[in-house]
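Work through the following exercises with the structure open. Each task is followed by a solution in steps.

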Amino acid sequence: MEVARELSRRDEFNLHLSVSRDCDLYREIKELGIPGFDVDTYRDVGSAVMALSRLPQVRRQFREYLERHEIDVVLCTMQHLWNPFMLPAIRRAGARYVVTIHDAALHPGERFLPYQWWLDWEIRKADGYVVLSDHVGGVLRTRHRTAPDRIAVAPCGPFNQFIDAGRTCRPAGEARAPRRLLFFGRIIAYKGLDLLLDAYGRLKADYPDLSLAIYGDGDISPYRAALDGLADVTVENRYIGEEELRGVLEEADLVVLPYREASQSGVLVLAEAAGLPVVGTPAGALVEQIVPGVNGLIAAGISGEELAASIGRLLDDPALYHRCVQGISRNAEDRWSEAGDRISRFLLGAGPSAPPGPRYGTVPASGTASRLPLRRQAR
């Protein structure tokens with residue numbers, strides 16, 4: 001939705017959208033007023049199986065839409081189970097295919113190997129790639145030997161529907177230390193919940209008013225013994241719907257990302273939207289996303305002890321915490337616009353996909369021209 005909003009503001013493109021009517025943000029996307037091809041997909045396993053019979057018809061209609069509107073490039077913003085079925089329609093219509101790669105390889109603890117095979121296939125078939133961090137770009141370059149000029153790095157901005165989440169920056173004289181920690185997201189090995197519980201246990205003795213909220217779906221049983229020995233921990237072990245997120249964010253002071261590996265963190269940009277600083281480990285792309293002293297802190301290493309030390313800095317220094325709260329909006333202010341610029345330059349083959357000196361972490365600018373010529377001149 002945010003990328004579509006940015007591209008629609010640029011005269012270089014005649015933008016169309018193909019979206020699922022079952023998307024949680026369908027109403028908000030349609031409010032953008034962009035023409036497009038809407039599709040009924042599915043909401044659960046049963047409806048997904050039933051929808052398979054409609055795939056040939058949907059593919060034919062999709063190809064006809066691409067041809068009728070002379071679409072040059074199809075930009076897919078996320079992998080979808082139907083992508084392999086739609087790619088032949090894109091090819092027959094003569095369009096280029098650019099796919100956004102969120103994760104170029106399975107995370108530790110993910111065991112669904114068919115997903116990796118499907119992802120590798122889609123990467124091989126695509127003409128170009130948008131990645132949300134240079135870390136993922138590096139995986140593409142090493143695992144798939146992808147040429148750097150076929151990759152555009154375009155980090156996410158904050159999710160606008162959660163901007164501030166009812167939070168206001170406190171005046172400096174009223175700055176107070178954070179005491180409510182939040183872990184949000186899937187509960188899986190690489191997310192490092194055990195590291196956070198270790199860190200919380202170390203901190204609780206010195207900060208008796210500290211609390212921890214854990215929200216997310218996944219197997220909680222490996223952490224049950226540690227949880228039973230900790231006080232003031234709230235656990236919601238289930239999928240958290242979009243409509244619940246605002247309330248979850250409003251009840252937190254600090255988001256903790258205790259990850260062992262990270263392609264990029266959507267939880268971090270969710271925290272930024274709510275004005276919440278983060279503490280994370282130096283894993284993967286977190287070192288690109290976290291700007292120390294601006295939107296949070298990076299632990300010295302990937303351990304409970306080092307995580308506790310960084311959380312403790314913010315607990316002990318209300319002024320530092322307050323500076324991070326104030327710095328978040330300035331750090332994220334123009335990021336969606338910058339992402340739109342990078343993607344635009346890449347799709348148009350107009351040179352580097354990123355301007356020099358990006359404001360977001362350590363994402364480098366490309367120094368070579370794109371290999372994505374259009375079939376027709378931009379209209």
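A residue is called buried when its relative accessible area is under 20%, exposed when the value is over 50%, and partly exposed in between. The model is predicted, and residues are numbered from 1 along the chain.

**Exercise 1. Decide whether S344 is buried or exposed, and find its place in the fold.**

Step 1. S344 belongs to helix α15, which covers residues 335–348.

Step 2. The relative accessible area of S344 is 5%. The cut-off for buried is under 20%, so S344 is buried.

Step 3. Now look at E12. S344 and E12 are 332 residues apart along the chain, yet 8.3 Å separates their C-alpha atoms.

**Exercise 2. Determine which residues are linked with D341 in a network of salt bridges.**

Step 1. Start with the location: D341 is a residue of helix α15.

Step 2. The relative accessibility of D341 is 32%, so D341 counts as partly exposed.

Step 3. The network joins D341 with E6, R9 and R10.

Step 4. Check the separation for one of these residues. Between D341 and R10 there are 331 residues along the chain, and their C-alpha atoms lie 9.2 Å apart.

**Exercise 3. State how many salt bridges the structure holds, then examine three of them.**

Step 1. The count is 24 salt bridges. As background, side chains of opposite charge can pair when their charged atoms come close. The cut-off is a side-chain nitrogen of Lys or Arg within 4 Å of a carboxyl oxygen of Asp or Glu.

Step 2. Take D209 and R179. Their closest N and O atoms are 3.0 Å apart, and the two form a salt bridge.

Step 3. Take R202 and D198, whose side chains form a salt bridge with an N to O distance of 3.2 Å. The two residues are four apart in helix α8, so about one helical turn separates them. R202 is partly exposed at 42% relative accessibility, and D198 is partly exposed at 32%.

Step 4. Take E236 and R238, which meet in a salt bridge at 2.9 Å, N to O. E236 has 28% relative accessibility and counts as partly exposed. R238 is partly exposed too, with a relative accessible area of 31%.

**Exercise 4. Describe how α4 packs against α5, and how α8 packs against α13.**

Step 1. Helix α4 spans residues 55–68 and helix α5 spans residues 83–92. They pack at an angle of about 30°, and their axes are 9 Å apart.

Step 2. Angles under 35 degrees count as roughly parallel, so α4 is roughly parallel to α5. Their crossing is right-handed.

Step 3. For α8 and helix α13 (residues 304–316), the packing angle is about 55° and the axes are 8 Å apart.

Step 4. That angle makes α8 oblique to α13. The crossing of α8 and α13 is right-handed.

**Exercise 5. Find where E70 and D232 lie, and say what their phi values are.**

Step 1. Recall the background: most residues other than glycine have a negative phi.

Step 2. E70 has a positive phi, near 50°, and is not a glycine. E70 sits in the loop between α4 and β3 (73–76). Its relative accessibility of 40% means that E70 counts as partly exposed.

Step 3. D232, also not a glycine, has a positive phi of about 60°. D232 is found in the loop between α9 (224–228) and β9 (233–236). With a relative accessible area of 47%, D232 is partly exposed.

**Exercise 6. Identify which residues make the nonpolar surface patch of about 300 Å², and classify V49 as buried or exposed.**

Step 1. The patch is made by V45, V49 and L52.

Step 2. V49 is part of helix α3, residues 45–51.

Step 3. The relative accessible area of V49 is 53%. Exposed means over 50%, so V49 is exposed.

How values were computed
Predicted model: local features only at pLDDT ≥ 70, side-chain atom pairs only at ≥ 80, totals over all residues. Heavy atoms only, no water. Patch = residues over 30% accessible without salt bridge, like charges linked within 9 Å, V, L, I, M, F, W, Y side chains within 5 Å. Areas by Shrake-Rupley, 256 points an atom, 1.4 Å probe, with all protein chains shown as cover. Buried < 20%, exposed > 50% of the residue type's maximum accessible area, 1.4 Å probe, protein only. Axes fitted to C-alpha atoms, helices over the stretch in contact; angles between N-to-C directions. Parallel < 35°, antiparallel > 145°, perpendicular 65-115°, else oblique. Left-handed = near helix turned anticlockwise from the far one by under 90°.
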